[in-house]
Amino acid sequence: IYQYHTVSLGWWDIGYNYLVWQRGKIYEGRAGWDYVVGAHAAWNNAGTVGISVMGDYTNMRLNRDQDAWLQSLIIFLAQKYGIDITATVPWVKICKSEGCGLFVDVTSPALLGHKDVGYTACPWVYLYDQIALYRTTLPYAIGTVKPVWNPRTPNIDPVAPEDEVFYTPKWSSTVL
């Protein structure tokens, strides 16, 4: 992934902020710092977090570890950055069909798949269905969302670090 994104595409790092591997191990993608802007969805990267789930989900579902840790990562990031995954958010989609302008305005839930903002098959059928399920089940685990204190971003209402709430899944023995 690093080779493809940096050498082939000429990006300075991996485009996704996080990568979830087959057995649920989570890797940092785009290195740097909190609030680093990824390169995962053209024209929609600022203010978003890109997660890539490694694998082909055209004909198969996530395995147990991937599912558990992907849920855990979404919950953690929603709490950390104050993301309401049920909110409807405006996006820009690059128009690839004949007879339309360069961009099309779309709205989608804040937790979305790449194809919601780009003309692509990604994420594949089974993963896309899983994302829809997460929108209904994960808000209960996220609870009240408070952004984490970050001195680099003055426009976010800070919460002192000792007030942070982190969620650890109880359904998997995998460790990061």
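## A loop residue and its contacts

Leaving aside its neighbours within four places in sequence, which residues is Asn45 in contact with? They are Val37, Gly38, Ala39 and His40, where contact means heavy atoms within 4.5 Å. Asn45 lies in the loop between strand E2 (26-28) and E3, and at 15% relative accessibility Asn45 counts as buried, a class that means under 20% relative accessible area, whereas exposed means over 50% and partly exposed in between (1.4 Å probe, protein chains only). The C-alpha atoms of Asn45 and Tyr16 are separated by 9.7 Å, although the two residues are 29 residues apart along the chain.

## Basis of the model

This is a predicted model, in which local features need pLDDT of at least 70 and side-chain atom pairs count only at pLDDT 80 or more, while totals for chains, interfaces and linings use all residues. Residues are numbered from 1 along each chain as its sequence is written, and side-chain values use heavy atoms, with hydrogens and water left out.

## Overall fold

The protein chain has four helices and five strands, these being DSSP runs numbered from the N terminus (helices H or I, at least four residues; strands E, at least two). Read along the sequence, they follow the pattern α-β-β-β-α-β-β-α-α. Of the 176 residues of the protein chain, 40% count as buried, and among the contacts with a separation of 6 or more, 54% are accounted for by residues 24 or more positions apart.

## Helix H2 and its ends

Helix H2 (residues 64-81) has 18 residues and reaches 26 Å from its first C-alpha to its last, close to the 26 Å expected, the expected span being 1.5 Å times one less than the number of residues. Because 16 of the 18 residues of H2 are buried, the helix is largely enclosed by the rest of the structure.

Asn63 has its place in the loop between E3 and H2 and is buried, with a relative accessible area of 18%. At the start of H2, a side-chain oxygen of Asn63 reaches to within 3.0 Å of the backbone nitrogen of Asp65, and the side chain of Asn63 also reaches the backbone oxygen of Gln22 at 2.4 Å. Leaving aside its neighbours within four places in sequence, Asn63 is in contact with Gln22 and Arg23. After H2 comes Gly82, whose phi is positive, near 70°.

## Nonpolar cores

A nonpolar core is a set of buried Ala, Val, Leu, Ile, Met, Phe, Trp, Tyr and Cys residues joined through side-chain atoms within 4.5 Å. Of the 21 residues in the largest nonpolar core, Val53, Leu62, Leu70, Ile74, Ile85, Tyr134 and Leu138 touch the most other members. The elements that give two or more residues to this core are strand E1 (18-20), H2 and helix H3 (125-137), and the largest share, eight residues, comes from H2. Apart from this core lies another, of five residues, among them Trp91, Val106, Leu112 and Val117.

Ile85 has its place in the loop between H2 and strand E4 (88-94) and is buried, with a relative accessible area of 4%. Not counting residues up to four places away in sequence, Ile85 touches residues including Ile74, Ala78, Tyr134, Leu138 and Ile142; the C-alpha atoms of Ile85 and Ile142, 57 residues apart along the chain, are separated by 9.3 Å. With the same exclusion of sequence neighbours within four places, Ile74 is in contact with Ile51, Ile85, Leu111, Tyr134 and Leu138.

Val92 lies in strand E4 and counts as partly exposed, at 23% relative accessibility. Val92 and Val106 are 14 residues apart in sequence and 6.0 Å apart in space, C-alpha to C-alpha.

About 1,300 Å³ of space lies in the largest pocket, a volume being the space filled by probe spheres set on grid points that are joined across faces, edges and corners. On a 1 Å grid over the protein atoms alone, a pocket is an open set of points where a 1.4 Å probe fits, with protein on both sides within 12 Å along at least five of seven lines, and lining residues have an atom within 4 Å of a point. Of the 49 residues that line the largest pocket, the closest to its centre are His40, Val49, Gly50, Ile51 and Leu112. H2 gives the most to this lining, with six residues.

Conventions: A polar contact is a pair of N or O atoms within 3.5 Å; within protein, one must be able to donate a hydrogen and the other to accept it, and residues adjacent in sequence count only if both atoms are side-chain atoms.
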